[in-house]
Amino acid sequence: MFSKTQILIGLLLVLVFPIGVSFAQYTSPNYQVDETFFGAGGNLQNQSANYQAKTAAGELGVGNVSSPRYQAYAGFNTTDRILLEVNVSGGVFDLGVLDTGQAHANTASFTVRDYLSDGYTVQITGHTPQNENYFLAPMSSAASSSPGTEQFGINLTTNNLSGIGPFGATPSQVPDNTFGFGYVDPPYDTSNLFKYVDGDTVAQSDRSSGVTQYTLSMMANVSRTTPGGAYGTSLFVRAVPVY
Amino acid sequence: MRSKNKLKRLKTVPTRIASLATAAVLFFAITVPVFLSGHASAASAQLQSRSLTISSSANGTITQDIAGNTAAPGSGGNGQKTSEIFTFNVASTQNVGSIIFKFCDDPIPLDSVSGPSDGTCNSPAGFDASHVASIITQTINGTNNTTTPFSLDTTTVLTGAPYGCAGTSPGRTNCIALSRTAAAVTAGDTYSFKFGGLASDYITNPSTDNYAFFGRIQTYTDNAYSTKGDYGSVAASTAQQIDVTAKVKEVLNFSVAAGSSNVTAPGATCSPLTTSATSGALTLGDTNGVLSFNTPYDAHSYFRLSTNTNGGVTVSYSGNTLRNGSNSIAAINSASNPGSAMGTLAASGPGTPQFGIAMDSSDATPNGYSLNTGFAPTTNYASGNGTLGTVGSPGTAEFAYDTGSVTSPVVFASSTGPVGCSTGSVRYIGNISTSTPAGIYTTTITWIATGTY
């Protein structure tokens, strides 16, 4: 017969070392935590054949905390899945009839959300507006608008140009800056300065981030020798998260 | 006593057995999960600093921009033929002999137990990696891996469990497989693999805009995709395109004026020459407008041109020589070079009836002669700078005139492309002989600019 002590040890072993496997949903070289909770008030997954939900009875602490070597997500409703969400409000953005008298501009918006990452970068790809074999000159370094000089450039901030007025916007965090952490890289964050390099990083976040809404401002000027015709290009937003 | 001792020994035997059983349970409770799960070595962990960089976020149906211009494979506007770069830091120092990159619409499972190449994986709609034909680049810490390179494996069958790669066997629609003779990797080293981006070697993005898709990376310590090593998932996304359009008008600005007083500065806008009641009147001769048989006389008119023609521009003239009723002062080549074709080049020679024109590159009028590179006078009208000669001694300046221009304008200057802002100085020469009939001689010359777009 086993002694009471032996029985107790056996029960403890079963509870502490269950036969099976445990899943670590995110780790770092020095830190690891399971996607379980350390208290009552929630369930990771409630499901039946036709229903699935994550529930929480109330949370004292939620959100993301991080330092250069540490990152954690508090709350019952965290996720174990890496997430990337890029939403571009695309379409056709017409700059109008370009002339040497003034600049022309238009804006487009997009959002980025990225979870369980060490951050992301955003690039804009595509060539400058093209007419047959002719491309509007890209602004390879940040500069001001110069009517009469052929230019195509972008930024992601507010602007105010003669003949156009105010346009563009700085990034906004949705719902506020305790959830979103994306920001614009210089020089694309400087009002009335424009630049265009295909594939340049224009924005980033240094950690997981909720929704950041960016506004892309596109500006063009032409010179007296810019060939006549219809110009067009398709630009793309590319987000690269690092996990 | 002996029986008591025996009984005591008998009582201690079950106790010992129980203790051994307890120890056995403890041992198996710790180790069995490790063995049963098929877990890789205890050193296997998530790959660190891992990312997936795609050359284009265009969806997989896009190969052209809004203007119908074809986007080159591997460029930002081509979602059908993209390149993709996987980058990660090795987490465990161990052998790696094979790797599977598996594309799914979900990153899970990403743990090392079931492994990212196990479990349900729905290939992203429209995604296709079956055209990957090579490893474009593979680097370790930024340096090409030439010592222990991986090879693209296009033959090992990876359809079905435990790999679940999609497509017909061997299953490469959503999987890229690499293998080599197993070799050690060092924790912390950065590995990078680039695939696709070429006309016949590419990856097609999912066919939906604003669509996130995931790459599950699984390394194996052997070269047969058997024993799992480090692992991890990455994400990328397509994005709806931002189509930018604009128009530029075809422009040709051309103005003509007689006399230097009408030549104003072009400025930043290439302002036209001013016009006035007298800006079109040009007088050849002395202060009274009288020609002499022993003195050459010249005068200048100007034209200013800017145009964005892509096919070039010509400036032509049309008109007759100086005429007074039925009398005329002949085109310069007629007397100087009898029998020569109209418009032939000839030097000024006082005492001979001559009327001719040429571009004067030595005209010092402020804001006067200035031609953009690529815009130049035709040969017979390019030598108007120089002296006008004396009686019996022709000058160095040469002129030409074609009376056929009355019905068919003659090209005076031209370019093969756009002209930013050019000001031409046209020098007119008028000489007479002693037998030139007296009278008032006039002509009207029309200048015409024609652009080819």
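Predicted model: local features only at pLDDT ≥ 70, side-chain atom pairs only at ≥ 80, totals over all residues.

Q: What's the secondary structure of chain B?
A: Chain B has 2 helices and 25 strands.

Q: Take contacts in chain B between residues at least 6 apart in sequence: what share join residues at least 24 apart?
A: That share is 77%.

Q: OK, switching to chain A. Is strand β10 largely enclosed or open?
A: Largely enclosed by the rest of the structure, because 5 of the 6 residues of β10(A), which covers residues 120-125, are buried.

Q: Which strands do bridges join it to?
A: On one hand, 4 bridges join β10(A) to β18(A), residues 201-205, and the two run antiparallel. On the other, 6 bridges join β10(A) to β20(A), residues 229-241, again antiparallel.

Q: Which residues stand opposite Gln123(A)?
A: Gln123(A) stands opposite Arg238(A) in β20(A) and opposite Thr201(A) in β18(A).

Q: What about Thr121(A), what does that stand opposite?
A: Gln204(A), which is in β18(A).

Q: Let's stay with β18(A). How many of its residues are buried?
A: 4 of its 5 residues, so β18(A) is also largely enclosed by the rest of the structure.

Q: How does it pair with β17(A)?
A: In the antiparallel sense, over 2 bridges. Val184(A) stands opposite Ala203(A) of β18(A) there.

Q: Where does Lys195(A) lie?
A: In the loop between β17(A), residues 183-184, and β18(A).

Q: Is that lysine, Lys195(A), buried or exposed?
A: Lys195(A) is buried: its relative accessible area is 17%, and the cut-off for buried is under 20%.

Q: What does its side chain make a polar contact with?
A: The side chain of Lys195(A) makes one with the side chain of Asp200(A), at 3.4 Å.

Q: Leaving aside neighbours within four places in sequence, which residues is Lys195(A) in contact with?
A: Asp200(A) is one of them, and others include Met139(A), Ser140(A), Ser141(A) and Ala142(A). The list also includes Gly153(A), Ile154(A), Pro187(A) and Tyr188(A).

Notes
Residues numbered from 1 in each chain as written. Chains lettered and ligands numbered in written order. Heavy atoms only, no water. Buried < 20%, exposed > 50% of the residue type's maximum accessible area, 1.4 Å probe, protein only. Pairing = 2+ DSSP bridges. Contact = heavy atoms within 4.5 Å. Polar contact = N/O pair within 3.5 Å; in protein donor to acceptor, adjacent residues only side chain to side chain.
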